[in-house]
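Hi,

Here is the structure I promised to pass along. Have a look at it first, and then read on for my notes.

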Amino acid sequence: VNDLLNKYPEEIQTILSRYPAEQKRSAVMPLLFLAQRETPYVTQQAMQEISEILEISTTDVASIVGFYTLFHEEPGGHYRIQICTDLPCALRGAEVFLAEVSQHLGIGVGETTSDGMFTIEEVKCLAACHRAPMFQIQGDGEITYHEHQTLDSAREIFEALKNKARPAEEEQTL
Amino acid sequence: MTKHILLRHRDIPGLENLDTYRQNGGFETFRRVVTSMKPGEVLEEVKASGLRGRGGAGFPTGVKWGFLPNNRWPHYVVANADESEPGTFKDREILESNPFQFLEGLMLASYAVQAEHAYVYLRGEFWQIAIELERKIAELESAGLLGKGLFGSNYNLQLHTHLGAGAYICGEETALLESLEGKLGQPRLRPPFPAVEGLYASPTVINNVETLANVPPILEHGSDWYRQFGTERSPGVKIFSLSGRVNRPGNYELPLGTTFRELIYTHGDGIIDGANIKAIMAAGASSNLIMADETALDTSMDYEAVQQQLGTPLGSASVIILDETVNVGWLVNKTVNFFKHESCGKCTPCREGTFWMNQISRRIAAGKASAGDVDLLDSVARQIQNKCLCALGEFSTMAVISGIQQFREDFERVPEPQVDEEHSA
């Protein structure tokens, strides 16, 4: 049984069709993104299933997960708040913004709120240097940009995300 | 004000829609080229325009296309949309707001080298852009602009997107190919060059998004028209991404050869709070620090002048402005930490060197340096130089060496930390 294949047969076929038939391995990253739509990190089971679909070893899949920063090996929060503090953003107040968000949520970089909703991550340049401070949210299998941020605007985004995530979680427990 | 050539969406609202793009002449060039020009003629026209790669290296685009051997098939074209250099955000604007001009450029490049499959490799953070591009590619297929036997010819073309997942190194073209093949994004030893052995060991052209966006106007109006912009050896227009301590950061499309002064003071509206400008980084984090004196400000931003007069490449023209409030010791810790994080780990000088530079520069930035740390940092940087497999290792040393050379007092004077230690990793 391959849960990923059972759940997303069409998406997986579409992904595989982009590459030559004998180069299936190229699909490893798109399939990992697909797996992270199911859980906020890549599970051992998902790595196993992807390795079966692509006929490569689970170790190969795991090495890809380890190398690329948008694939996660640990659960973390439902939403990852990824704040850019690279040079151009830092020149426009990103470090102060990070400290404010951190204080507001009561967690440091790399930590997760007690309700499991948010993890704060400090990330490298996201190609939005002219609209700093900014962050992206990774979660629900999506990545969204939020630019020209202040603590107030960020708080509104966090509240909206909490409301978005809660009904989904309640549904799951039913 | 002259109209934009690359950022045309700023003049034409709705240009991101296929109908609007076609109403403004979009894909007419592609149709004319496929139905009436030989691939070699397309290549010659682009060569004659003098267009140079906009990703940073500045290599002549037509020449690059001409390297593909015609006795080995298939050929591939890959668009590099991995835009990750700190200070660079130009490709993102093209992809979001003028995507069809980029796609038409990719299609023209594919025709020029007779590739029937082309890939757009986007950084993973451009997840939303990739979804939009997929939709637009589907629209082009429905409109008969992509697919088999285009316009009654025997030319077939399909486009595909591929998302990276957060690795700066994948902007390096051989690492990008490895990543597209489903492997770790680590650079290959060259030769063979991608033009001979690229994607799936086939001849491959890799071009930056902005480079490709230049191709439709060049083939529409001709190489002579294109050469009226820019300088003799750096023809055309360029998108300058301006960031840092300026009042109006953003993308500015200007002819190559515009001065730093015009970019910073006319377009960028000068320095925040009227402060004094201190230094310029011309190519993002991968830059030497340029002391912002009158000579530097009056330097023409073209590939030759910046290199010859200021001793540093123009690169991707991601211009980061530093004012008198910025401590260069702090800055160097930022750039070094970036490269340490992004080093792929394949070659030792880069992997170990960026690690140790990060340790030392962090001590310096925290005001905990011991005597000799600045010299040690300089020494580690110099030992990395000329020893790495790709340019990343080299880039990591540029701000370090040029910073210590010109602003040594900043490394010895402890800056007041803006934020307490606990929150800044």
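Below are my notes on a sheet in chain A and on the cysteines in chain B.

Please keep in mind that this is a predicted model, and that the values here were computed from it.

The sheet in chain A

Chain A holds an open sheet built from four strands, and its pairing is mixed. Reading across the sheet, the strand order is β2-β1-β3-β4 (chain A). The edges are formed by β2 (118-123) and β4 (142-146) of chain A, each of which pairs on one side only. On average, neighbouring strands in this sheet are turned by 25 degrees against each other, direction ignored.

The cysteines

How many disulfides are there over all chains? The count is zero, taking a disulfide as a pair of cysteine sulfur atoms within 2.5 Å.

Two cysteines of chain B show how this comes out. For Cys170(B), the nearest cysteine sulfur belongs to Cys344(B) and lies 9.1 Å away, so Cys170(B) is in no disulfide under the 2.5 Å cut-off. Cys170(B) is also buried, its relative accessible area being 0%. Cys390(B) is in no disulfide either. For Cys390(B), too, the nearest cysteine sulfur is that of Cys344(B), here at 6.4 Å. Cys390(B) is buried as well, with a relative accessible area of 14%.

Technical notes
Residues are numbered from 1 along each chain as its sequence is written. Chains are lettered from A and ligands numbered from 1 in the order in which they are written. This is a predicted model: local features need pLDDT of at least 70, side-chain atom pairs count only at pLDDT 80 or more; totals for chains, interfaces and linings use all residues. Side-chain values use heavy atoms; hydrogens and water are left out. Two strands pair if DSSP finds at least two bridges between them. Helices (H or I, at least four residues) and strands (E, at least two) are DSSP runs, numbered from the N terminus. Axes are lines fitted to C-alpha atoms, for helices over the stretch in contact, and angles run from 0 to 180 degrees between N-to-C directions. Buried means under 20% relative accessible area, exposed over 50%, partly exposed in between (1.4 Å probe, protein chains only).
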